[in-house]
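Dear colleague,

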Amino acid sequence: MRLLVLSDIHANIDAFDAVLAHAEGRWDRALVLGDLVGYGAEPNAVVDRVKALTPEMVIRGNHDKAACGLDDASEFNHVARTAAVWTSGVLTADNMAYLRALPMGPIAIDALTEICHGAPFDEDHYIFDGSDARLALQAATRPLCLFGHTHLPAIFKMVEGILDGEAPDGDREVTVRLQRGARYLVNVGSIGQPRDGDPRAGYGVLDDEARELRLFRVPYPVEKAQHRILSAQLPASLASRLALGR
């Protein structure tokens, strides 16, 4: 089974469409790691597109919870909270109900893989460094845990208690070969709002039979996404960040 790994789409339909076009023919079923909405200007289009994929599993992110009223966004900064309120006002009733029904991670997919939004011990926790990664790997129940939330591609590997971590090189396709006996914690990056200085959308494809996870970066028409944000009268900073990958 080849699993398409999608995370942090954030209502950016232009980036999402570019990823799906690039991924065509590479996957059988999809996994979506949360934050379908928030920040971007096309929440309904993104949710509709996700539903059309008939994914193997979709879990909720913190922006999904805020947009559908499961969270009050009190811990968001002003820009994020403004976007959440705007998103709540434009979501269709069906898409609002869809977001409200999304399950909380972590969720085991099979004997190899589990997924979460933030961390396997807390769906809203950010994994930035080795100490966070070690806690997450100790909490994980499968050899591979896929996570999102930080918008930063990352690969952590632990063998016999020794932890290594790296930020993937965005200038080339990265392949993670899943060694038996090792445990992995991987973020394939954000589709809708990368924050590693590379504005290209990030996604992954997991071949569970070959035990390989490939990470890709895909260019998309950033200017179109920026125009949508400005036309929706969302904060201008959300548009400028797209070009910076920050």
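**The largest pocket**

The largest pocket has a volume of about 330 Å³, a volume being the space filled by probe spheres set on grid points that are joined across faces, edges and corners. On a 1 Å grid over the protein atoms alone, a pocket is an open set of points with protein on both sides within 12 Å along at least five of seven lines, a cavity is a set where a 1.4 Å probe fits but cannot get out, and lining residues have an atom within 4 Å of a point. Please keep in mind that this is a predicted model, in which local features need pLDDT of at least 70 and side-chain atom pairs count only at pLDDT 80 or more, while totals for chains, interfaces and linings use all residues. Residues are numbered from 1 along each chain as its sequence is written, and side-chain values use heavy atoms, with hydrogens and water left out.

The pocket is lined by 19 residues, and Asn62, Glu75, Phe76, Tyr126 and His149 lie nearest its centre. Helix H3 (residues 62-67) gives the largest share of this lining, 3 residues; helices (H or I, at least four residues) and strands (E, at least two) are DSSP runs, numbered from the N terminus. By class, the lining has 4 nonpolar, 7 polar and 8 charged residues, where Ala, Val, Leu, Ile, Met, Phe, Trp, Tyr, Cys and Pro count as nonpolar, Asp, Glu, Lys and Arg as charged, and the others, Gly among them, as polar.

**The cavity**

A search of the whole structure finds 1 cavity of 30 Å³ or more, and the largest cavity has a volume of about 80 Å³. Of the 16 residues that line this cavity, Asn12, Gly40, Ala41, Ile229 and Leu242 are the closest to its centre. Helix H1 (13-23), helix H7 (222-231) and helix H8 (236-244) each give two or more residues to the lining, with the largest share, 3 residues, coming from H7. The lining divides into 8 nonpolar, 5 polar and 3 charged residues.

**The strands**

An open sheet of 6 strands runs in the order S4-S5-S6-S10-S7-S8, with mixed pairing; two strands pair if DSSP finds at least two bridges between them. Its edge strands, S4 (107-108) and S8 (162-166), each pair on one side only. Within the sheet, S7 (residues 154-159) and S10 (residues 183-187) pair in the antiparallel sense over 5 bridges, and the bridge partner of Lys157 in S10 is Tyr184.

Best wishes
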